[in-house]
Amino acid sequence: MAVNSTLRPAMRLAESTLREMYWFMLLSRRLDERAWAIHRQGRIAFHISAIGQEATQVAAAFAINRGVDYVAPYYRDLALMLALGMPPEDFMLSLFGKHDISSGGRQMPFHWSYKNLNVISGSAVVTTQVPQAAGLAFAIQYRQRCGMVDPADATQPRLALTCLGEGSTSQGEWHEGMNWAGVHKLPMICLVQNNMYAISEKTDQQMAVANVADRASAYGVPGVVVDGNDVLAVYDAMAAAVERAYNGDGATLLEAKMYRITPHSSDDDDRTYRSREEVEQWKARDAIPRFKQYLIGEGILSQADADAYDARARAEVDRAQQVADSAPMPAPEEALGDLYAPSDAD
Ligand SMILES: Cc1ncc(C[n+]2csc(CCOP(=O)(O)OP(=O)(O)O)c2C)c(N)n1
Ligand SMILES: [Mg+2]
């Protein structure tokens, strides 16, 4: 079938790709819900949730060259990581403090690190990943300019994607990373997941402008605001940013607006700073049933398919938990090993 190049990028996606995107949103949600349950059972120490942010994250993963382009994620990027290729059981292993790929159980969970997927390890200090992503993008540009790699070679990283929350853009590192990306026209995408809260601080306590993207002009990059609960709209916005990066046109600041449906983490009681009505209003805009209805309406998914996906997601979560639960605990002396390279303790 001939591809109509005037269509929105999302409208050019194959039906099987759209179903796959739905699958990763659903899988992330079910894993996340299970993490809350096992935390409340006292079986894991900590959880920080991506519920409400799956659409944006899955769209972002699908718009880049997954597993090849560099990604410097943030702690809430569970759906992004699954869509990039993280095995669900590896997430569960990290929750249980066992031998996960990211750190062998030495890091807190949610500090994703997958060399095979070009996902770099992050710090617990928010926003440090932004200058790191600018550095990766600088290296990509430098290698292309020196003729070390062909700019069109899709087997090589051609951009660096980084994610963070809106509250984290108050940090100095954000300014430094964005400024560097703007000055050098770097192939970087900064995806701000604006979920309206930084722990208990609402957006208007963090910034005096309506949108994080309003600051883009100060860095000389385009600033784009998109509905983060609309997976196809985010895909379109990401596709435009990817095209700019691949074409050597520079960085993009993309702000996806959404809502943090859960408390900040398993250690936070959000009833102290926001009303239940507000949370319920946003739950009603949940991106997962919205995308499901769209797919059913377009004849891309049947209700029977959707039910089968649900059953498959639950089975996959059960399997992942079982693998993690039955895995051995690391030996105490392994805590002395390194995070970034094998050491004597390994
Ligand atoms: C430099 C720094 N300050 C404070 C913290 C503690 N902290 C962890 S997450 C967080 C909130 C960040 O909010 P936001 O950037 O909006 O991301 P969200 O959690 O809402 O996704 C804070 C203050 C930290 N990790 N690093
Ligand atoms: Mg936030």
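Tutor: Here is a walk around strand 2, starting with the chain as a whole and ending at the ligand.

Keep in mind that this is a predicted model. The chain has ten helices and seven strands. Its radius of gyration is 20 Å, close to the 20 Å that the globule rule gives for 346 residues, so the chain is as compact as a globular protein of that length. Along the principal axes, the C-alpha atoms fill a box of roughly 55 × 50 × 45 Å. Of the 346 residues, 45% count as buried. If you take contacts between residues at least 6 apart in sequence, 74% of them join residues at least 24 apart.

Strand 2 covers residues 160-165. Why call it largely enclosed by the rest of the structure? Six of its six residues are buried, and a residue counts as buried here when 20 or more other C-beta atoms lie within 10 Å of its own.

Five strands make up an open sheet in the order 1-2-3-7-6, with parallel pairing. Strand 1 (70-72) and strand 6 (223-227) are the edge strands, and each of them pairs on one side only. On average, neighbouring strands in this sheet are turned by 20 degrees against each other, direction ignored.

With strand 1 it runs parallel, joined by three bridges, and Leu 161 in strand 2 stands opposite Val 71. With strand 3 the pairing is again in the parallel sense, this time over six bridges. There, Ala 160 stands opposite Met 188 in strand 3.

Helix 5 (residues 129-145) lies across strand 1, strand 2 and strand 3 (188-194), and it runs at about 170 degrees to strand 2.

Tyr 246, which lies in helix 7 (residues 231-246), is in contact with Arg 158 and Leu 159, leaving aside its neighbours within four places in sequence. Tyr 246 and Arg 158 are 88 residues apart along the chain, yet their C-alpha atoms are separated by 6.1 Å. Tyr 246 itself is partly exposed, with 17 other C-beta atoms within 10 Å.

Finally, the ligand. Of the 17 residues around ligand 1, Val 126, Gly 165, Gly 167, Ser 168 and Ala 198 come nearest. The elements giving two or more residues to this shell are strand 2 and strand 4 (197-198). By type, the shell divides into seven nonpolar, seven polar and three charged residues.

Technical notes
Residues are numbered from 1 along each chain as its sequence is written. Chains are lettered from A and ligands numbered from 1 in the order in which they are written. This is a predicted model: local features need pLDDT of at least 70, side-chain atom pairs count only at pLDDT 80 or more; totals for chains, interfaces and linings use all residues. A residue is near a molecule or strand if its C-beta atom, placed from the backbone, lies within 6 Å of it. Helices (H or I, at least four residues) and strands (E, at least two) are DSSP runs, numbered from the N terminus. Ala, Val, Leu, Ile, Met, Phe, Trp, Tyr, Cys and Pro count as nonpolar, Asp, Glu, Lys and Arg as charged, and the others, Gly among them, as polar. Two strands pair if DSSP finds at least two bridges between them. Axes are lines fitted to C-alpha atoms, for helices over the stretch in contact, and angles run from 0 to 180 degrees between N-to-C directions. Two residues are in contact if their C-beta atoms, placed from the backbone, lie within 7 Å. A residue is buried if 20 or more other C-beta atoms lie within 10 Å of its own, exposed if 12 or fewer, and partly exposed in between; C-beta atoms are placed from the backbone. The radius of gyration is taken over C-alpha atoms; the globule rule is 2.2 Å times the number of residues to the power 0.38.
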